[in-house]
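Open the model in your viewer and keep the selection tool at hand. The tour goes from one selection to the next and says what is there.

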Amino acid sequence: MDDLQFRRHAYGDPNNQADDFLAHLAENEDDAKFVKDLQAFDHKLTQALNISVPDGLADKLILRQQLSQHQKSKKQTRYLMAMAASVAFIVGVSFSLLRFTPVNLGENSLAHVHHETKALVMEQDIGFNDVNFKLASLEGLSDSKFIQQPGRVFYTSYCDFQGVKSLHLVMADENGNKVTLFIVPVESRIVLEEAFADNQYKGQSFQTADAYMVLVGEPASDLEFVKKEVVNTFI
């Protein structure tokens, strides 16, 4: 084995047990001493890298990861709670402001008629006592009532005018055309329009002692006829 091959083997594996490598060491005292130095260094390096794992290290690492995830989850929860509180605050403020926002009867009545189209296809025959039963639950209208049938009533239901609980009726004019009547308790936010219209319906409003009456119908409807029916039968 020449000197170059020897050094390559010595550096690569100082503990090499090949016959030619051992024979070279036996014949060369300096090279043998050199290999012993390499073997001693290799042993120290092995000892330095041979570090024992502390007991419970795996459990500690898992616990640390869980704590980290828990802290992250807490931050996310606090953020979501803060967002929910903000939304609740905004909704609360919006609702409070809504209670003080003027209510345009004409605009709201037209919107109700356009939205509740099912009301105009109903064909019931509702007696005035049934209407009075619903009226009795409206704030400020517990003593108001119809004293007799105000013509044919096809439909009755409650509706809401921006927080003001009201009554929604569908009645017939003299020719059988359907006319919507909203009975709305008197409220300081209400803005009353005597006449209003859009591209599909016309309407008019009037006030009794305790309620606003809003009539909405198609252009051919006789709103005045229904108004007289209501005036003559509602107290």
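Select Leu80 first: this residue is exposed, with a relative accessible area of 56%. Exposed means over 50% relative accessible area, buried means under 20%, and partly exposed is in between, using a 1.4 Å probe and protein chains only. Leu80 sits in helix α4, which covers residues 57-98. Helices (H or I, at least four residues) and strands (E, at least two) are DSSP runs, numbered from the N terminus.

Before moving on, note that this is a predicted model, in which local features need pLDDT of at least 70, side-chain atom pairs count only at pLDDT 80 or more, and totals for chains, interfaces and linings use all residues. Residues are numbered from 1 along each chain as its sequence is written, and side-chain values use heavy atoms, with hydrogens and water left out.

Together with Leu80 they make a nonpolar surface patch of about 340 Å². Patches are made of residues with over 30% relative accessible area and no salt bridge; like charges are joined within 9 Å, and nonpolar side chains (Val, Leu, Ile, Met, Phe, Trp, Tyr) within 5 Å. Accessible areas come from the Shrake-Rupley method with a 1.4 Å probe, and for residues only the protein chains shown count as cover.

**The whole chain**

Select everything and colour by secondary structure. The protein has seven helices and eight strands. Of its 235 residues, 32% count as buried. The accessible surface comes to about 15,200 Å², and 55% of this belongs to carbon and sulfur atoms. Among contacts with a separation of 6 or more, 55% are between residues 24 or more positions apart; a contact means heavy atoms within 4.5 Å.

**The cores**

Next select Leu135, Phe146, Leu169, Leu181, Ile183 and Val230. These residues have the most contacts inside the largest nonpolar core, which has 21 residues. The elements that give two or more residues to this core are α6 (128-135), β3 (164-172), β4 (178-185), β8 and α7 (223-233). A nonpolar core is a set of buried Ala, Val, Leu, Ile, Met, Phe, Trp, Tyr and Cys residues joined through side-chain atoms within 4.5 Å. In soluble globular proteins, nonpolar side chains tend to be buried together.

Cys159, Phe161, Phe182 and Val216 belong to a second, separate core of 15 residues.

Centre the view on Phe146. Leaving out residues up to four places away in sequence, Phe146 touches Phe128, Val131, Asn132, Leu135, Leu169, Ile183, Val230, Thr233 and Phe234.

For a contrast, select Lys228, also in helix α7. Lys228 is exposed, at 54% relative accessible area.

Select residues 195-197, 202-207 and 211-217, which are strands β6 and β7 and strand β8. Strands β6 and β7 pair in the antiparallel sense over three bridges; two strands pair if DSSP finds at least two bridges between them. Ala197 stands opposite Lys202 in β7, and a hairpin of four residues joins β6 to β7. Strands β7 and β8 also run antiparallel, joined by six bridges. Here Gln204 stands opposite Leu215 in β8, and the hairpin between β7 and β8 has three residues.

**Salt bridges**

How many salt bridges does a search of the whole structure find? There are five, where a salt bridge is a side-chain nitrogen of Lys or Arg within 4 Å of a carboxyl oxygen of Asp or Glu.

Select Glu123 and Lys178, whose closest N and O atoms are 2.9 Å apart. Glu123 lies in the loop between α5 and α6 and Lys178 in strand β4, so this pair ties together parts that are 55 residues apart in sequence. Arg152 is partly exposed, at 33% relative accessibility.

Then select Glu187 and Arg189, which meet in a salt bridge of 3.5 Å, N to O. Glu187 is partly exposed at 22%, whereas Arg189 is buried at 6%. Elsewhere, salt bridges that share partners join Glu123, Asp125, Arg152 and Lys178 into one network.

**Last stop**

Finish at Asp160 in strand β2. Asp160 is partly exposed, at 42% relative accessible area. Residues up to four places away in sequence aside, Asp160 touches His112 and Lys165.
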